[in-house]
2 protein chains.
Amino acid sequence: MTTYTPAAASARSGFSLDTLRYYERIGLLYDIGRTAGGQRVFTEDDLDWLGVLRCLRETGMPIADMRRYAELARHGDTTNAERLRVLREHAVELRRHIATLLEQEQHLHGKIRWYESQADGEPDPAALLAEPAAAPGP
Amino acid sequence: MTTYTPAAASARSGFSLDTLRYYERIGLLYDIGRTAGGQRVFTEDDLDWLGVLRCLRETGMPIADMRRYAELARHGDTTNAERLRVLREHAVELRRHIATLLEQEQHLHGKIRWYESQADGEPDPAALLAEPAAAPGP
DNA sequence: CTGGTATCTGGAGCGCGCTCCAGGTCAAGG
DNA sequence: CCTTGACCTGGAGCGCGCTCCAGATACCAG
């Protein structure tokens with residue numbers, strides 16, 4: 001069974017060493033193996049779990065919620081239904097977030113187009129009176 | 001010319017009073033009018049500008065960058081080209097961010113489907129040996 | 001065995017983006 | 001007028017998610 005040193009786990013997961021230790025301390029990582037001397041030993045499964053953490057983290061789940069999820073995961077398959085609930089709720093949140101980003105992206109491109117039109121029509125002095133802070137349209 | 005009290009500006013912009021004051025202190029808001037007694041008076045243009053700030057903020061632009069943008073805006077139309085550059089760069093960042101969110105959303109739904117399949121096929125004991133931490137597919 | 005690098009622990013510190021507070025001033029209704 | 005609620009300033013405090021540090025220990029190549 002392949003195992004990984006902390007440095008390797010850090011490289012593969014993309015989390016810093018300090019973050020890995022921090023995650024263990026606060027309960028996001030659990031049952032991490034140790035050598036006789038007390039150094040951490042990461043397994044493939046640990047790396048898979050870190051992948052899950054990365055997904056949740058990157059999609060904006062707060063650490064507190066991730067702790068709840070980790071707690072459920074630690075308690076075995078009897079918590080599957082609850083875990084499903086958590087993930088579904090998070091997916092809804094995520095969708096909302098993406099939606100507002102897409103919306104604001106439109107505004108942003110509206111402003112960009114406005115500036116582009118300014119660059120093109122530069123010699124027109126009347127255009128300079130327009131309000132750059134305002135959205136280009138009504 | 002319509003003007004707004006701080007409370008009204010807060011309500012319309014969605015920023016708290018404290019945030020509006022904070023934004024003025026750090027230079028995101030500038031040339032905000034005052035009454036004889038020193039109370040702020042917001043104009044329509046100020047609210048438009050707050051809309052811009054909201055867009056940039058919600059799309060994840062750091063305050064430091066917004067200050068740069070505000071500084072440019074404060075210096076009139078001669079900075080249009082630079083402002084355009086800033087917005088374009090931000091739009092690229094934003095696109096990248098949305099892309100990773102959409103990607104991770106797929107992972108998330110993959111995990112959700114996995115849990116759903118567990119719920120359905122519950123009586124199969126072999127399924128319980130599968131690793132919930134791992135992504136369902138390759 | 002020895003030296004050098006990797007890792008350990010507990011705890012302090014940091015950067016960001018607000019948010020709250022104290023102690024006072026302003027403005028509008030009665 | 002006078003009260004009452006909105007607003008003012010400067011500065012401290014906070015929640016989050018790490019990140020850094022000191023001082024000690026573990027592992028491994030030579």
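How many bridges join E1(A) to E3(A), and in which sense do these strands run? Two bridges join E1(A) to E3(A), and the strands run antiparallel.

This is a predicted model, in which local features need pLDDT of at least 70, side-chain atom pairs count only at pLDDT 80 or more, and totals for chains, interfaces and linings use all residues. Residues are numbered from 1 along each chain as its sequence is written, chains are lettered from A and ligands numbered from 1 in the order in which they are written, and side-chain values use heavy atoms, with hydrogens and water left out.

**The sheet of chain A**

Let us start with chain A. Its open sheet has three strands in the order E1-E3-E2, with antiparallel pairing. Strands here are DSSP runs of type E with at least two residues, helices are runs of H or I with at least four, and both are numbered from the N terminus. Two strands pair if DSSP finds at least two bridges between them. Strands of a sheet pair through backbone hydrogen bonds, either parallel or antiparallel.

The edge strands of chain A are E1 (3-4) and E2 (33-34), each of which pairs on one side only. E3(A), residues 40-43, pairs with E2(A) over two bridges in the antiparallel sense. Between E2(A) and E3(A) the hairpin has five residues, and Gly38(A) takes a positive phi near 100 degrees. Helix H3(A), residues 44-58, lies across E1 and E3 of chain A and runs at about 75 degrees to E3(A). That angle is taken between N-to-C directions on a scale from 0 to 180 degrees, with axes fitted to C-alpha atoms, for helices over the stretch in contact.

**The sheet of chain B**

Chain B also has an open sheet of three strands, in the order E1-E3-E2 with antiparallel pairing. Here E1 (3-4) and E2 (33-34) of chain B are the edge strands, each pairing on one side only. E1(B) pairs with E3(B) over two bridges in the antiparallel sense, and two bridges join E2(B) to E3(B), also antiparallel. The hairpin of E2(B) and E3(B) has five residues between the strands, and Gly38(B) in the turn has a positive phi of about 100 degrees.

Here are some bridge partners from the two chains.

|---|---|
| Thr3(A) | Thr43(A) |
| Gly33(A) | Val41(A) |
| Tyr4(B) | Phe42(B) |

**A cavity in chain B**

What lines the largest cavity? The lining is made up of Pro6(B), Leu17(B), Leu20(B), Arg21(B), Arg40(B) and Phe42(B). A cavity is a set of points, on a 1 Å grid over the protein atoms alone, where a 1.4 Å probe fits but cannot get out, and lining residues have an atom within 4 Å of a point. The largest cavity holds about 30 Å³ of space. Helix H2 (17-25) and strand E3 (40-43) of chain B each supply at least two residues of this lining, and H2(B) gives the most, with three.

**Where to read with care**

Chain A averages a pLDDT of 90, and 86% of its residues score at least 70; pLDDT is the predictor's confidence in each residue, from 0 to 100. Over residues 125-129 of chain A the pLDDT is below 50, and beyond near neighbours in sequence this stretch has two contacts in the model. Contact means heavy atoms within 4.5 Å. Residues 134-138 of chain A also stay under 50, with five contacts beyond four places in sequence. Where pLDDT is low, the predicted coordinates should not be read in detail.

Notes. 1 Å grid on protein atoms, 1.4 Å probe; cavity = no way out; pocket = protein on both sides within 12 Å on 5 of 7 lines; lining within 4 Å. Points joined across faces, edges and corners; volume = space filled by probe spheres on them.
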